[in-house]
Amino acid sequence: VKQRFRNARRARRWFRLRRLGPTATCETLHGRMTIDTRDDVIGRILFEQGQLEFDMIQEATAVLRQAGKLPAKGAGAFLDIGANIGHITAAMLRSGQFSKSIAFEPDPNNFSLFQKNMEQNQLTPRVIAYQAALSEQDGELEFELCDSNFGNHRVRGVSTDSGADLK
């Protein structure tokens, strides 16, 4: 009963927050995160729960490191493809899993929040960030935006001059 009451209270705070402006800053296990209040998934979960898959990230890196698939804790670079607002990069760097990160995020709004989140967590010197989508082939891509889940944007294949379709 207490948990249900707590969840209802957080949901009410989320809807009040949305009326105040397009972004809000909150403290999370990932660090200080500025979120887009129009994002009903990643932004909302970070605001309401204070974390998004943080334990899973830590467990996955521990398993991979134990299997010899990752460098020692605190060494190496983390590659974040589709970095969104940077909550995974921030978690990896702040928890000491990796020393650096290389991140790619094509959406201008998410990329701007990514940069802000790295800056407000003093992680900017440890991150190389590109506002770009990645593909195995050269060419133009159609970028489809999701109105309610800003982590669900996706690339759609478009024909190139050579006639090949990108997927």
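Predicted model: local features only at pLDDT ≥ 70, side-chain atom pairs only at ≥ 80, totals over all residues.
**Exercise 1. Work out the strand order of the open sheet and find its edges.**

Solution. Start with the pairs; two strands pair if DSSP finds at least two bridges between them. E3 and E4 run parallel and are joined by five bridges, with Leu 79 opposite Ile 102 in E4. E4 and E5 are also paired in the parallel sense, over four bridges. Here Phe 104 has Tyr 130 in E5 as its bridge partner.

The three strands form an open sheet in the order E3-E4-E5, with parallel pairing. Strand E3 (77-81) and strand E5 (127-130) each have a single partner strand, so one side of each has no neighbour in the sheet and they stand at the edges. From one strand to the next the twist averages 10 degrees.

**Exercise 2. Which helices pack on this sheet, and at what angles?**

Solution. Axes are lines fitted to C-alpha atoms, for helices over the stretch in contact, and angles run from 0 to 180 degrees between N-to-C directions. Helix H4 (residues 87-94) packs on the sheet and touches E3, E4 and E5; its direction makes about 170 degrees with that of E3. Helix H5 (residues 108-120) also packs on the sheet, touching E4 and E5, and its direction makes about 170 degrees with that of E5.

Phe 78 and Asp 80 make up its covered face, while Ala 77, Leu 79 and Ile 81 make up the uncovered one.

**Exercise 3. Compare the burial of H4 with that of H5.**

Solution. H4 is mostly covered, with seven of its eight residues buried. These are His 87, Ile 88, Thr 89, Ala 90, Ala 91, Met 92 and Leu 93.

In H5 the buried residues are Asn 110, Phe 111, Leu 113, Phe 114, Asn 117 and Met 118. Seen down the axis of H5, they fall within an arc of 165 degrees, so they line one face of the helix; the arc is that of the directions from the helix axis to the C-beta atoms. The buried residues of H5 pack against E1, E2, H4, E4 and E5.

**Exercise 4. Identify the residues with the most contacts inside the largest nonpolar core, and the elements that supply the core.**

Solution. A nonpolar core is a set of buried Ala, Val, Leu, Ile, Met, Phe, Trp, Tyr and Cys residues joined through side-chain atoms within 4.5 Å. The largest has 25 residues, and Ile 35 and Leu 46 have the most contacts inside it. Two or more residues each come from helix H1 (2-20), strand E1 (23-28), strand E2 (31-36), helix H2 (42-49), H4 and H5. H4 gives the largest share, four residues.

Finally, look at Ile 35 itself. Not counting residues up to four places away in sequence, Ile 35 touches, among others, Trp 14, Leu 46, Phe 47, Ile 85 and Leu 113.

**Exercise 5. Are Asn 84 and Gln 122, two residues with positive phi, buried or exposed?**

Solution. Asn 84 is not a glycine, yet has a positive phi of about 55 degrees. Asn 84 is in the loop between E3 and H4, and at 4% relative accessibility it counts as buried. Gln 122, also not a glycine, has a positive phi of about 55 degrees. Gln 122 is in the loop between H5 and E5; at 62% relative accessibility, Gln 122 counts as exposed.

Definitions and conventions:
Residues numbered from 1 in each chain as written. Heavy atoms only, no water. Contact = heavy atoms within 4.5 Å. Buried < 20%, exposed > 50% of the residue type's maximum accessible area, 1.4 Å probe, protein only.
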